[in-house]
Amino acid sequence: MANGNAELVGNRAEPRRNIVILTSHVFLRGYRKASIHFIASRWAEQGHNVHFLTIGHSWLTLLKDRPRFRALSQDQGNRFQPISANLNAGAYLPPLHAFSSNNRFLNAANAALFWLYGGYLPSFARRAIVKADLVLIESGSALAFFRHIKRLNSKARTLYFCRDLLKSIGAAPALQNIQTTEIGRFDAVCVPSERLGALLPPGGHVKVIPQGVDAALFDREQPSPYQPGSRNAVSIGNMLFDQASIAAMAAAAADVNFHVFGATWSGWAPPNVIIYGERDFESIIPYLQHADFGIAAYRLKADEVYLAESSLKLAQYSYCGLPILLPDLVPFARANGISYRLDGEDAWREKIDAALTMQRSPTFRDGIMTWDEVARQTLAVAFDAP
């Protein structure tokens with residue numbers, strides 16, 4: 001047992017675990033939530049002691065995202081602050097940090113930069129890690145710290161929480177190399193998609209656990225944010241965002257409002273496209289509950305179709321009973337999918353009309369797990385793996 005005592009966690013007698021999470025995501029109000037936020041919160045609710053450590057930021061973040069840096073430095077800069085019972089969040093904010101880039105000259109130096117960056121953590125982070133029973137490392141820059149964590153606490157279980165193909169998210173070759181050489185040293189590798197697991201380097205102890213939804217939030221009735229009688233489509237997230245397809249939909253359906261959350265829009269937007277930027281998850285839920293259909297506008301390649309299985313938005317749309325417009329390259333099996341040609345679609349109005357006339361159905365959500373179930377399965381994988 002983790003601390004020598006078995007406690008009642010949830011409805012079962014389980015040891016209370018000390019868990020540290022390393023991720024590039026921030027745990028701040030007003031910023032989007034990813035699967036790692038939901039799992040961290042559920043572990044804390046189940047009675048585990050969770051420290052959520054944000055990496056991948058520094059004073060350089062001031063140049064890219066001043067509000068994010070200020071919020072991090074004010075609330076969590078190089079210290080942990082309580083978020084809720086059993087859950088603390090903090091951010092490692094050095095003067096500089098290594099980062100992925102499209103610049104080939106910078107990438108040539110990245111192996112040394114990531115080695116230096118990942119070889120040190122401040123004392124507030126080290127104290128949590130040396131007490132940890134489990135350290136979760138999310139795909140991305142957090143991989144650079146794996147070896148340092150093993151040196152700090154060789155007895156802790158390590159879980160690679162891989163949500164994306166590294167090259168799909170533009171991760172530096174140095175990080176891809178770390179994944180290749182170290183994947184077999186993790187006690188377990190958790191992926192949300194069979195296809196993603198098959199694309200990872202060999203040697204990892206890969207387990208598939210699908211994405212979940214926050215059922216309690218989605219089941220809560222909330223008033224519609226839309227004008228009565230209007231028709232509305234919603235797009236959430238910024239992963240591989242295909243602005244051109246959204247623009248084409250808007251041009252083909254001037255009578256439909258297109259609400260875009262999370263993604264950055266470049267240049268002029270049609271008058272029926274409303275750009276919201278990054279919002280906290282709870283504020284977006286009414287837009288999902290009351291939309292006429294959802295959009296998964298991915299600009300993806302053949303080796304990125306794993307997104308159909310790992311996409312959080314597809315699960316959320318389906319749980320709300322929404323029809324979904326998505327590229328034909330995505331092998332989406334649920335009955336609410338309406339596919340369009342990724343390149344050269346010439347029947348946008350027809351596709352949109354099909355979405356507007358499709359009857360909502362609670363069967364669209366069949367088989368979708370809650371985050372409580374996902375969190376329990378993830379923890380079991382970490383400790384049951386060989």
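## Strands and pairing

Helices (H or I, at least four residues) and strands (E, at least two) are DSSP runs, numbered from the N terminus, and two strands pair if DSSP finds at least two bridges between them. The model here is a predicted one, so local features need pLDDT of at least 70 and side-chain atom pairs pLDDT 80 or more, while totals for chains, interfaces and linings use all residues. Residues are numbered from 1 along each chain as its sequence is written, and side-chain values use heavy atoms, without hydrogens and water.

## The sheet

Let's start with an open sheet of eight strands, with mixed pairing and the order β5-β6-β4-β3-β7-β8-β9-β10. Its edge strands, β5 (80-84) and β10 (206-208), each pair on one side only.

Strands β7 (residues 134-138) and β8 (residues 157-161) run parallel and are joined by five bridges. Leu-136 is found opposite Leu-159 of β8.

## Around Asp-164

Beyond its neighbours within four places in sequence, Asp-164 is in contact (heavy atoms within 4.5 Å) with Ser-139, Ile-169, Leu-196, Met-239, Tyr-306 and Leu-307.

## Nonpolar cores

A nonpolar core is a set of buried Ala, Val, Leu, Ile, Met, Phe, Trp, Tyr and Cys residues joined through side-chain atoms within 4.5 Å. The largest has 102 residues, and Ile-21, Trp-43, Leu-53, Val-135, Phe-145 and Val-234 have the most contacts inside it. A second, separate core has 22 residues, including Ile-246, Val-260, Tyr-340 and Ala-355.

Definitions and conventions. Buried means under 20% relative accessible area, exposed over 50%, partly exposed in between (1.4 Å probe, protein chains only).
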